[in-house]
Amino acid sequence: MKLPELKIGTKIAKVPIVQGGMAIRLSTARLAAAVANEGGIGLIAASGMSHEELRYEIRLARSLTSGIIGINIMVAARDFAGVVKTAIKEGIDLIVAGAGFSRDMFGYGKESGTPIVPIVSSVKLAKISERLGATAIVVEGKEAGGHLGTSTSVRELIPGIRAAVKIPVIAAGGVLSGQDIVDFIKMGANGVQMGSRFAASAESNAAPALKEYYLKSKPEDIVVIHSPVGLPGRAVRTPFSARVMEGPVPPKVCDACLKACKHNFCIIRALTRAQQGDVETGLVFTGEYMPRIKKILSVHEIFSQLKREAAAAQ
Ligand SMILES: Cc1cc2nc3c(=O)[nH]c(=O)nc-3n(C[C@H](O)[C@H](O)[C@H](O)COP(=O)(O)O)c2cc1C
């Protein structure tokens, strides 16, 4: 199948692949721009960044590509509104918002016409999003990495949500091959969002030790932890995640970065340690199917492979 374009508002991606936002600092300008240069949509993970850092990353991405660049931000972040407004002022192409839901966010993009794309995991939230003005939705299933809003497979979620809304639907969770993309397009999705494959790419901003750790992961190493955000989170087992699964590790210092934090550990610091390559004391977010990834590829190689596989897919 020749993959269709993905239209979000006035933006048209030649290839219907969104690179999922991955905090903390796994998906920065370099990865997002590489994806945009291939005709997909690249997302800078803004969670945990100051406004200054975010502005820098957006400007850097713009200097590397004329393609479509968005940001991803956690609704649970205390500074959610400030981050969204900063990105809009920088002329960002779209805002993708996960880990929670905000009715207010749809108003933020109205004046500038910036598409607001919430991540949802139910027919109910998909319909509410459409009614409130979402330009598109990402539908994330249980296979996804990071915070999870459901225990249902995305393959089960898509048909019901497709039937319930008219706006573009982007399927996320466990997409690794061109056949997966074709499957979702045939189910009525307009595109896919992929995280794990890009976390383990050459342009990912993860330290080499983290990328190696991803490649070594086995299905039995993939665990679900309780995130301080109040949601389950999927991770590769590390000594740190094993420890927090036993009980809280209350943070000694706190930046009050979340609107409501469970304080069972500091997620920003734990994700940052992993991003820097500390796979002992870091929290290594991952999708369920990371163990199927055997090689670090460049974004160009990933897109070439996906397009080849999609062309051959039934
Ligand atoms: C390391 C990692 C970090 C992630 N961080 C975020 C995040 O900050 N915000 C978000 O909305 N989703 C986050 N996700 C989810 C991805 O954007 C994407 O939707 C998901 O990983 C798709 O599933 P896949 O990994 O099977 O492709 C993260 C995923 C991974 C693997």
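A: Strand β4 (41–45) is covered on both faces: Ile41, Leu43 and Ala45 on one side, and Gly42 and Ile44 on the other, are all buried. Five of the five residues of β4 are buried. Buried means under 20% relative accessible area, exposed over 50%, and partly exposed in between, with a 1.4 Å probe and protein chains only. Strands (E, at least two residues) and helices (H or I, at least four residues) are DSSP runs, numbered from the N terminus.

The model is predicted: local features need pLDDT of at least 70, side-chain atom pairs count only at pLDDT 80 or more, and totals for chains, interfaces and linings use all residues. Residues are numbered from 1 along each chain as its sequence is written, and side-chain values use heavy atoms, with hydrogens and water left out.

β3, α1 and β4 form a right-handed β-α-β unit, and β4, helix α2 (residues 51–64) and β5 form a right-handed β-α-β unit. A crossover is right-handed if, with the strands pointing away from the viewer, the path from the first strand over the helix to the second runs clockwise. Helix α1 (residues 29–37) lies across β3 (17–19), β4 and β5, and runs at about 170 degrees to β4. Such angles run from 0 to 180 degrees between N-to-C directions, and the axes are lines fitted to C-alpha atoms, for helices over the stretch in contact. Contact means heavy atoms within 4.5 Å.

From β5 the sheet goes on. Strand β5 (residues 68–74) and strand β6 (residues 94–98) pair in parallel over five bridges; here Ile73 has Ala97 of β6 as its bridge partner.

β4 belongs to a barrel that eight parallel-paired strands close in the order β3-β4-β5-β6-β7-β8-β10-β11. On average, neighbouring strands of this sheet are turned by 25 degrees against each other, direction ignored.

Strand β8 (residues 137–140) pairs with β10 in parallel over four bridges, and the bridge partner of Val138 in β10 is Ile170. Ile170 also stands opposite Gly191 in β11. β10 and strand β11 (residues 191–194) run parallel, joined by three bridges. With helix α7 (residues 178–186), β10 and β11 make a right-handed β-α-β unit.

How values were computed:
Two strands pair if DSSP finds at least two bridges between them.
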